[in-house]
Amino acid sequence: MISQNCNNSTALAEAVLGALDLLTAGVLVLDSSSQVLFVNRVAEDILSECDGLELVNDVLQIPVDGRRVPIQEIPAIRSGLSTSRNSGIVSASIRRNSGTPLTVVVRNAVSLARNENTATTLVFILDPDRPVGISRTDLHQLYGLTYTESNLVNWLMDGKTLEECRLLLGVRPSTVRMHLRNVLGKTGTGNQSELVWLLFKNLGLVGAVAVGNEPSPTNHKMIC
Amino acid sequence: MSQTQMSVSCEKGCDCPICSGVVRTSVGRASANAYIDGENGCKSAALRTNGSPSLTGNVQSMAAIALEALDCLNIGLLVTNADCRLLRANKTAQRILDGRIFVTVDAGGVLRTAKGLRTTPADVVRRVTEADGSEKHRPHVLATMREVAGNREITIVAAKPQMVSEHSALGTVLLLLFSTSQGRTTSSEALTSIFGFTSAEAMMANLVLEGLSRNDCSSYLRIQPTTVAFHLKNMFRKTRSRCHAQLISKLFKAIGLIHSASGDTTAITQGSVGKPLADIEVQLGRDLRIGSKSGHGPCCLPK
C-alpha cells in the first residue's frame with residue numbers, strides 16, 4: 001500500500017508530465033544512449049509517421065545516407081551538446097519525404113545533473129505542416145470573437161493571406177476587411193501582423209488542443 | 001494494461017519493428033500517463049497499473065525534466081490544488097510571480113491577482129474544477145490578464161490533468177502561463193539551415209518574432225527603412241511568403257516557438273536596453289560589412 005504522501009507527490013509529478021501533453025510542440029526526453037524516456041502526445045504523432053525521425057526499439061534515430069543513426073550519435077549534434085558554446089543547444093532541420101522539413105532543437109537537461117548516471121537530453125520537435133489554430137470556443141472566451149471572425153483568425157494564423165481568406169469566406173473584399181477590423185479591435189492589436197504575432201505568442205504552443213475535434217468550416221451553416 | 005492489449009494495438013498498424021516500437025511507447029503512455037521507462041517500457045507500465053510504488057522516484061525525476069522543458073519553451077507552469085494553493089511552479093512561472101504584475105502568492109501559498117485585474121486565478125481554477133467530464137474535447141479553460149497600464153499581457157490555459165491511475169484523484173489543476181514579454185531567441189544557425197537566411201536576415205527574423213514592425217526594426221537597428229525593406233523582401237522570397245503576417249506565421253511554425261539560441265532567455269524587447277542591445281549592435285556592425293561586400297553598397301550603412 002502506498003502511503004498518502006508518496007501517492008500525492010506521484011500524482012503531482014504525473015500532473016506535471018501531463019502538462020506537456022497540452023503542447024503543440026513535440027517533446028521527448030532521451031537518456032545518454034538516445035533511449036526514449038518520455039514522449040508527449042504530439043511527438044508520438046510525428047514519430048508514428050516514421051518520416052524523417054524514427055523510433056526503433058525506443059531509440060530515436062535519424063536516417064543518414066540510407067542507415068539509421070541514433071540522434072545523439074550524429075556528429076554535429078554530439079559536438080554541439082558537449083561544447084559549452086551556445087549553452088549546449090543544437091537545432092537541426094530534418095528533411096523528410098513528405099512536406100517541409102521538421103525542426104528539431106536538442107539540448108541537455110540540467111535539472112538532474114547532480115547524478116551523472118541520469119544524464120538526459122531534451123528534444124523539441126516542430127512540424128511546420130501541422131495545422132495551427134485555436135478553437136472557436138476559446139477565441140470566443142478570450143476575445144469575444146464571432147464564428148466568422150474565429151475562422152478568419154485561424155486562417156491568418158495558418159499563413160493565409162487576406163485575399164485567400166476572402167475567397168474561403170466567399171465574401172467581398174470590403175466585408176473581409178470589416179471582419180479583420182473588428183478582430184483587431186477586439187484583440188487590441190493594430191494590424192494583421194501584430195494580430196498573428198499576438199496569437200502565436202499567447203496560444204501558439206497550446207492552440208491546436210481542440211481544433212481537430214471541430215467541424216470543418218465548410219459546413220458551418222448547418223451547425224450554426 | 002495487460003500484455004494482450006499491447007499485442008492488439010500492435011496489430012492495428014503494420015508489424016514492422018519501427019511501428020511496434022511506437023505502439024509500445026504509446027501503450028506505455030496510455031497506462032502510465034505519458035510515461036515510459038526506457039527499454040522496460042512495457043514492463044514498467046504493467047507494474048504501475050498494479051500500483052507498485054517502485055517507479056515513484058523515476059516519475060519524480062521525469063517531472064523535474066518536464067518542468068525544465070517548459071522553461072525551455074518559456075511557458076510558466078503552476079500546479080495548484082482546487083483551493084488555488086500553489087503546489088509546484090517552474091522557473092518561468094516563478095519569474096512571473098516575482099514580477100507581481102499579474103499573479104502573486106500570499107503568505108498562505110494561495111495564488112492572488114495583482115491589484116486592478118478582473119481575472120482571478122481562483123476564478124479560473126474554480127471554472128476548471130467545476131467543468132465535468134462531459135467536455136472531453138475541451139478540458140481546458142482560457143483566460144487572459146492584461147496589465148492595467150501598459151500593453152503586457154499573459155494568457156492562462158488552465159486544465160485538469162488527465163490522470164490514468166485512480167490513486168491520483170488529488171484535484172490538481174494545471175495553469176500554463178504564456179507571457180508576451182517572455183522572449184524566445186532563435187539561433188541564427190537554425191534560421192540559416194531552415195530558410196537559408198543570412199545573419200542580417202536572421203537577426204531581423206528575431207526582431208520580427210519579438211513583434212517589432214518595420215519601423216521599429218529600422219529604429220532599433222538604426223538602419224534605413226529601405227534596408228529593412230530590402231532584408232524583408234529577401235526573407236519573403238526565401239520563406240515564400242507574400243505579406244508580413246504570413247512571414248510571421250511561417251517563422252513561428254518552423255522555429256519561433258522554441259527558444260534555440262545561446263544564453264538565458266533574455267528578450268529582445270522594444271524597451272530593453274543594456275546587454276542584449278549592445279550585442280545586437282556588435283553583430284550589426286559585422287553584418288553590415290558582409291552586406292556591403294556582397295554588393296548592397298553603402299546604402300546599408302546608417303547615416
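This is a predicted model: local features need pLDDT of at least 70, side-chain atom pairs count only at pLDDT 80 or more; totals for chains, interfaces and linings use all residues.

**Confidence and the sheet of chain B**

Among the elements of chain A, the lowest mean pLDDT, 33, belongs to helix H9 (residues 220-223) of chain A, whereas helix H7 (residues 173-187) of chain A has the highest, 94. Chain A as a whole averages a pLDDT of 79, and 83% of its residues score at least 70.

Turning to chain B, five strands form an open sheet in the order S2-S1-S7-S6-S5, and their pairing is antiparallel. Strand S2 (86-89) and strand S5 (140-146) of chain B each have a single partner strand, so they stand at the edges and one side of each is left without a neighbour in the sheet. Direction ignored, neighbouring strands of this sheet are turned by 20° against each other on average.

Within the sheet, strand S6 (residues 153-159) and strand S7 (residues 173-179) of chain B pair in the antiparallel sense over six bridges, and B:Ile154 has B:Ser179 in S7(B) as its bridge partner. Helix H6 (residues 121-130) of chain B packs on the sheet, where it touches strand S1 (76-80), S5, S6 and S7 of chain B, and its direction makes about 30° with that of S6(B).

The loop between S5 and S6 of chain B contains B:Arg152. Because 16 other C-beta atoms lie within 10 Å, B:Arg152 counts as partly exposed. Although B:Arg152 and B:Ser179 are 27 residues apart in sequence, they are 7.8 Å apart in space, C-alpha to C-alpha.

Methods: Residues are numbered from 1 along each chain as its sequence is written. Chains are lettered from A and ligands numbered from 1 in the order in which they are written. Two strands pair if DSSP finds at least two bridges between them. Helices (H or I, at least four residues) and strands (E, at least two) are DSSP runs, numbered from the N terminus. Axes are lines fitted to C-alpha atoms, for helices over the stretch in contact, and angles run from 0 to 180 degrees between N-to-C directions. Two residues are in contact if their C-beta atoms, placed from the backbone, lie within 7 Å. A residue is buried if 20 or more other C-beta atoms lie within 10 Å of its own, exposed if 12 or fewer, and partly exposed in between; C-beta atoms are placed from the backbone. pLDDT is the predictor's confidence in each residue, from 0 to 100.
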